[in-house]
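Subject: The model, and some notes on it

Hello,

Here is the structure I said I would send over. Have a look at it first, and then read on for what I found.

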Amino acid sequence: MFIVIEGIDGAGKSTQAKLLAEWFEKKGHEVVLTKEPTDTAFGKLIRKLVLTGGKEGIIDGARISHEAEALLFAADRAEHVAKLIKPSLEAGKIVISDRYFYSSLAYQWARGLDLEWLIDLNRFAIRPDLVILLDLPVKESMKRINGRSIKTEFDKIAELQKRVRENYLKLAERFPEIKIVNALASVEDIHNDIVALVEHELSLR
Ligand SMILES: Nc1ncnc2c1ncn2[C@@H]1O[C@H](COP(=O)(O)OP(=O)(O)OP(=O)(O)O)[C@@H](O)[C@H]1O
Ligand SMILES: Cc1cn([C@H]2C[C@H](O)[C@@H](COP(=O)(O)O)O2)c(=O)[nH]c1=O
């Protein structure tokens with residue numbers, strides 16, 4: 001079974017991914033808990049070129065283009081699918097990924113790229129059985145990640161996160177595997193909501 005956790009920055013994805021992995025392990029399943037960008041060479045390149053606010057993200061005096069960003073995320077994902085996700089699923093393991101191609105659709109679309117181009121670019125990515133979208137108002141997520149963002153970029157980041165949240169909600173109408181969970185609740189209540197969705201998915205098998 002392949003489960004993805006998605007949502008804006010600070011929505012609680014890694015907290016819930018870890019709890020869900022522990023829930024499966026207690027039931028005796030072998031679990032692979034993974035994330036995107038990955039910790040491989042491509043993931044490290046993305047963190048250096050795309051996710052740093054400083055000089056490292058500058059090539060020839062300018063930030064790399066949004067198209068190049070999308071291609072880097074897709075290359076990282078191609079390796080992720082081929083080397084970890086596919087073999088783990090074939091071995092009967094439960095794979096839980098903190099972000100997947102829906103992040104590219106929501107974020108790179110929010111940066112102005114064409115959604116259909118992004119979907120085509122990610123067509124190689126096998127579809128998960130279930131995508132949990134942790135939906136949270138941006139004001140709350142900003143409170144949760146405040147310590148991580150530098151003040152001068154705060155409004156810019158909040159503006160982008162608002163577009164990303166709207167995009168995720170639009171994607172949920174298009175991709176039936178996406179289930180929306182209210183991420184304003186307590187950690188425990190959110191975990192219980194996720195378990196209910198997973199149990200429903202398991203009952204269909
Ligand atoms: N339901 C919750 N209520 C309040 N705080 C929470 C909740 N879930 C997580 N947090 C806290 O919010 C912060 C962000 O959580 P977490 O790292 O799980 O989010 P994330 O979506 O993985 O973030 P990012 O996308 O930036 O990696 C952490 O300090 C975490 O302890
Ligand atoms: C996979 C993926 C990620 N992003 C963005 C989303 C976040 O702002 C960062 C990752 O940070 P995290 O703390 O490790 O979650 O990268 C993106 O824009 N496109 C993608 O495909």
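Which residue follows α4 with a positive phi? That residue is Gly 112, where phi is near 105 degrees.

Before the rest, a word on conventions. This is a predicted model, in which local features need pLDDT of at least 70 and side-chain atom pairs count only at pLDDT 80 or more, while totals for chains, interfaces and linings use all residues. Residues are numbered from 1 along each chain as its sequence is written, and chains are lettered from A and ligands numbered from 1 in the order in which they are written.

The buried residues of α4 include Phe 101, Tyr 102, Tyr 107 and Trp 109.

Ala 106 is part of this helix, and it counts as buried because it has 25 C-beta neighbours inside 10 Å. Apart from neighbours within four places in sequence, Ala 106 is in contact with Val 164, Asn 167, Tyr 168 and Leu 171; contact means that the C-beta atoms of two residues, placed from the backbone, lie within 7 Å. Ala 106 and Asp 189 are 83 residues apart along the chain, and their C-alpha atoms are separated by 25 Å.

The axis of helix α3 (residues 66-90) comes within 10 Å of that of α4, and the two cross at roughly 175 degrees. Axes are lines fitted to C-alpha atoms, for helices over the stretch in contact, and the angles run from 0 to 180 degrees between N-to-C directions. On the α3 side the contact is made by His 66, Glu 69, Ala 70, Phe 73, Ala 74 and Arg 77, and on the α4 side by Phe 101, Ser 104 and Gln 108. These residues divide into 4 nonpolar, 3 polar and 2 charged. For these classes, Ala, Val, Leu, Ile, Met, Phe, Trp, Tyr, Cys and Pro count as nonpolar, Asp, Glu, Lys and Arg as charged, and the others, Gly among them, as polar.

**Around ligand 2**

The residues around ligand 2 include Asp 9, Glu 36, Pro 37, Phe 73, Arg 99 and Tyr 107, where being near the ligand means a C-beta atom, placed from the backbone, within 6 Å of it. α4 gives the most to this shell, with 4 residues. By class, the shell holds 4 nonpolar, 3 polar and 3 charged residues.

Two backbone details belong here. Glu 36 and Pro 37 are joined by a cis peptide bond, with omega about -10 degrees, and Pro 37 sits in the loop between β2 and α2 (41-49). Arg 99, in the loop between β5 (94-98) and α4, is a residue other than glycine with a positive phi, near 80 degrees. Most residues other than glycine have a negative phi, and most peptide bonds are trans. Arg 99 counts as buried because it has 23 C-beta neighbours inside 10 Å.

**Around ligand 1**

Ligand 1 is surrounded by 13 residues, the closest being Gly 12, Lys 13, Ser 14, Thr 15 and Arg 144. The elements that give two or more residues to this shell are α1 (13-26), α6 (138-145) and α8 (187-203), and α1 provides the largest share, 3 residues. The shell divides into 4 nonpolar, 6 polar and 3 charged residues.

Lys 13 is in helix α1 and touches Ile 5, Gly 7, Asp 98, Arg 99 and Leu 134, not counting residues up to four places away in sequence. An unreviewed UniProt entry lists residues including Asp 9, Gly 12, Lys 13 and Ser 14 under "binding site"; such annotations may be inferred rather than shown by experiment, and the positions are given in the numbering used here, with feature names shortened.

Best wishes

Technical notes: Buried ≥ 20, exposed ≤ 12 C-beta atoms within 10 Å, placed from the backbone.
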